[in-house]
Amino acid sequence: MDIDLSPDDLAFQKAVETFLDDNAYKPGTDYFAWRLDWFAKAREKGGWDVPKWPTAFGGPGWSPTQHYIWQRATATRQTPMDLPFGPVMLAPMLMQYGTPEQQERFLPDIRARRVNWCQGYSEPGAGSDLANLKTRAELSADGSHYVVNGTKIWTTAAHMADWIFCLTRTSDTGRKQEGITFLLFPMKQAGVEVKPIITLGGAHTVNMVHITDVKVPVENRVGEEGKGWAVAKGLLQHERTGIAGISNSLVALERLKKRAASVTRPNGTLLDDPGFRTKIAELEIDLMATEYTELRSLAAASSGAAPGPESSILKLKGTDIQQRLQKLTMQAGGLFSAAWGGGKVGPSFAREGMSGYLSSRAYTIYGGASEVQKDVIAKNVLGIARSETRMNKRGDK
Amino acid sequence: MNFDLSEEQQLIVDSVRRFVDDNYDLEKRKKYTSSTRGFGDDNWRTMAELGWLGLPFGEADGGFGGNQIDVMLVMEQFGRGLVVEPYLPSVVLGGGAVRRGGSAALRSTIVPAIIDGSAQLALATMEDQSRFDLNDVLTRAGDDGDHWTLSGSKTMVINGGSATHLVVSCRTAGAQYDEAGITLLLVDATASGVEHRSFATVDGLQAAEITFNNVQVPRDNTLGEPGNGYALLHDVMLDGILAICAEAVGAMEMLYKDTIEYTQQRVQFDHPLSDFQVLQHRMVEMFMEYEQCKSMLLRATMEVAASGSGATRTVHALKALVGKQAIFVGENAVQLHGGMGMTEELRIGHYFKRLLVIDAMFGNADHHLYRFAA
Ligand SMILES: Cc1cc2nc3c(=O)[nH]c(=O)nc-3n(C[C@H](O)[C@H](O)[C@H](O)COP(=O)(O)OP(=O)(O)OC[C@H]3O[C@@H](n4cnc5c(N)ncnc54)[C@H](O)[C@@H]3O)c2cc1C
């Protein structure tokens, strides 16, 4: 057990930093052209465009230490905007459950970031209890396609997505988790209607998606009919580890300190204020521990062991830390944080602070609400599920 | 000791409650906040007609002769309804300064106009660098005999854009952080050299940045003794804190009750969410914190009504407690509503946003905690 980076790791770190610095965005140039080019160049480095993909599918096959180095380096430098739905969430499921034809058809576009995906899981009646979903998919008489009808809600980026991976119900018999089928279909077609939902931070990121008589060829089904729950759950594992955001929090902590130090007080700055300082210190200590919890989890995953108990802690701790960071940022802004369309009042971080704080409240709701997440840990890690029958009927999300 | 309301006080509560029920829901509130002045002109007239704008003013000035307790009753109901009319800046803050510090002549012209709603006030104390410290004042006024010449700028002035008159803290002597040498002036918002820029705040209200460029302010518009404005400001601030904490308590009540109702209706895993023990306990905590805040509100309000600034420490305690627990209640209301809690569609998000602003006004929970501990 030691924490030194080997000479190889140090060389890798240097290579990563050089790559990121050499390919940084140049202000004034075409952002989207740069974005596609960046991913193409990262690919040439040997799969740096898809760090988590297995080597068989063109991933880099990094050690946990290398993943750690990559995460830290990318957190402090600008990398292109990248939504997780395609490369991080759907891709591993296609690799595990998809046919070779599906892999060939979808993975290259996901990898090149040519096609954007969204996640059609939640419905008005199916949130934490995801298995309660009601969107119907009826197989046509000739068995060539499904006809899909239903409503999805909270679909992030549906208004920008080209395709959706969508959980549908193909059967009502048996347990709720049975009879779920995992389908892929294009968003830009008649029968798919996207309505914006504005959230508390004032942003439009989530949507309601109405699906009416949309025909989906059977080739677009991932896994067997009625066996979509396994795919759905596998995907959620990938979603959750992504949500912890430890590297970003480390960067955000330093940024918070700088911001607090820019708020002048009679005897120094806000960072010298004993109360504010103590709060930042408490946060930093939690973050230091969580950083190592993540490393332990990375190490376990790479040695091929099943994800250990550490990994289930990560979403809970990681999101709590992110929320506290946002709250302290809002508080550092003082009353200026309340200035909404205020243009130029107070420090520029203040307005961002309030909307950031409000948006951060969702971190403990999506990807499995914290309360449900704790149920999962109690049951699967500690083995102390309640014995009441009603609890046994519940979904596993 | 007696926590019962007098007949008169009960009448106030009932009529404000009725007003809120009749004139406030999310839809209507949105209409008010998106109008130019950011509130309902008809509502403002109603408040004047019902006498609420005259509540804390002395009978000699044409007021009702009420005290902080009467204002608390009004503000708590306003909090329940998320009322946006500028009662706080005009009646409690600006009005509070005029009532305490204005000469008889000045009061006789301005107070009737506040009470009938034709004048609106705003309190302009915060500056870019001052954060929560009322003594941190760079705006200056020079003594030119029969008038002051005022220069400087103020920010985050609630209702600053609609106000006809501004109560401005400025330095007539001393250095940046000195309590001595601060003077309060009543400034005509249309006077030459006054410029403002209004903007929306996260709670749907409006604030303004206001600059004063060699503004001539008549000597008789001085509130209190020149150079002794800080003590006056302190008293006004105590009233302001009591008022927004009453508002917060009203909002917290709605939040915990809405959450109970929602979790009883929302079914997941074949059960109403309210069946889950962890959520039951959370709602019990929300309820308890609401009750505790209400107790502290009553305590602080009655102490201030009895002994004024002698109760300052209790007011610090109130603001520290309410700031912290209002955010606790707001965060958990959102959490227990799940995705729905994150939308603009339900009212809980709007209460939550108002509570965030209330915490940041007149010093946040931390600020008052340190003052209390000091
Ligand atoms: C910003 C945002 C983005 C999202 N993006 C997507 C997306 O792209 N695609 C998608 O499919 N979905 C998305 N979601 C939906 C998200 O997954 C759901 O909001 C989440 O699963 C919770 O479901 P719900 O909102 O219906 O809350 P509910 O299930 O109604 O739960 C409400 C609250 O009750 C509590 N609770 C629920 N169940 C239990 C229990 N068993 N025990 C104890 N407490 C419990 C929790 O506090 C929970 O927050 C997004 C949500 C948000 C807010």
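**Close-up views of the predicted model**

**Figure 1. The largest nonpolar core.** In the largest nonpolar core, which comprises 119 residues, the members that touch the most others are Phe78(B), Tyr87(B), Ile110(B), Met156(B) and Leu223(B). Helix α7 of chain B (residues 229-265) supplies the largest share of this core, 19 residues. A nonpolar core is a set of buried Ala, Val, Leu, Ile, Met, Phe, Trp, Tyr and Cys residues joined through side-chain atoms within 4.5 Å. Buried denotes under 20% relative accessible area, exposed over 50%, and partly exposed the range in between (1.4 Å probe, protein chains only). In soluble globular proteins, nonpolar side chains tend to be buried together. Helices (H or I, at least four residues) and strands (E, at least two) are DSSP runs numbered from the N terminus.

The model is predicted: local features need pLDDT of at least 70, side-chain atom pairs count only at pLDDT 80 or more, and totals for chains, interfaces and linings use all residues. Residues are numbered from 1 along each chain as its sequence is written, chains are lettered from A and ligands numbered from 1 in the order in which they are written, and side-chain values use heavy atoms, with hydrogens and water left out.

**Figure 2. Surroundings of Phe78(B).** Neighbours within four places in sequence are left aside in this view. Phe78(B) is then in contact (heavy atoms within 4.5 Å) with Val16(B), Met47(B), Trp52(B), Val83(B), Tyr87(B) and Glu247(B).

**Figure 3. The ligand site.** The ligand is surrounded by 31 residues, of which the closest are Ser128(A), Thr156(A), Arg266(B), Gln335(B) and Gly339(B); a residue counts as near if one of its heavy atoms lies within 4 Å. Because these surroundings include residues from chains A and B, the site is shared between chains. The shell divides into 15 nonpolar, eleven polar and five charged residues. For this division, Ala, Val, Leu, Ile, Met, Phe, Trp, Tyr, Cys and Pro count as nonpolar, Asp, Glu, Lys and Arg as charged, and the others, Gly among them, as polar.

Figure 4. A nitrogen atom of the ligand lies 2.7 Å from a polar side-chain atom of Thr156(A). The ligand taken alone exposes 960 Å², and the protein buries 96% of that; accessible areas come from the Shrake-Rupley method with a 1.4 Å probe, and for residues only the protein chains shown count as cover. Two or more residues of the shell come from each of α11 (370-381) of chain A and α8 (277-307) and α9 (312-337) of chain B. The most, three residues, come from α11(A).

**Figure 5. Thr312(B) in helix α9.** Thr312(B) belongs to helix α9 of chain B and is buried, at 15% relative accessible area. Its side chain makes a polar contact of 2.9 Å with that of His234(B), and reaches the backbone oxygen of Ser309(B) at 2.6 Å. A polar contact is a pair of N or O atoms within 3.5 Å; within protein, one must be able to donate a hydrogen and the other to accept it, and residues adjacent in sequence count only if both atoms are side-chain atoms.

**Figure 6. Phe269(B) and its positive phi.** Phe269(B) is not a glycine, yet has a positive phi of about 55 degrees. Phe269(B) occupies the loop between β9 (267-268) and β10 (271-272) of chain B and is buried at 5% relative accessibility. Most residues other than glycine have a negative phi.
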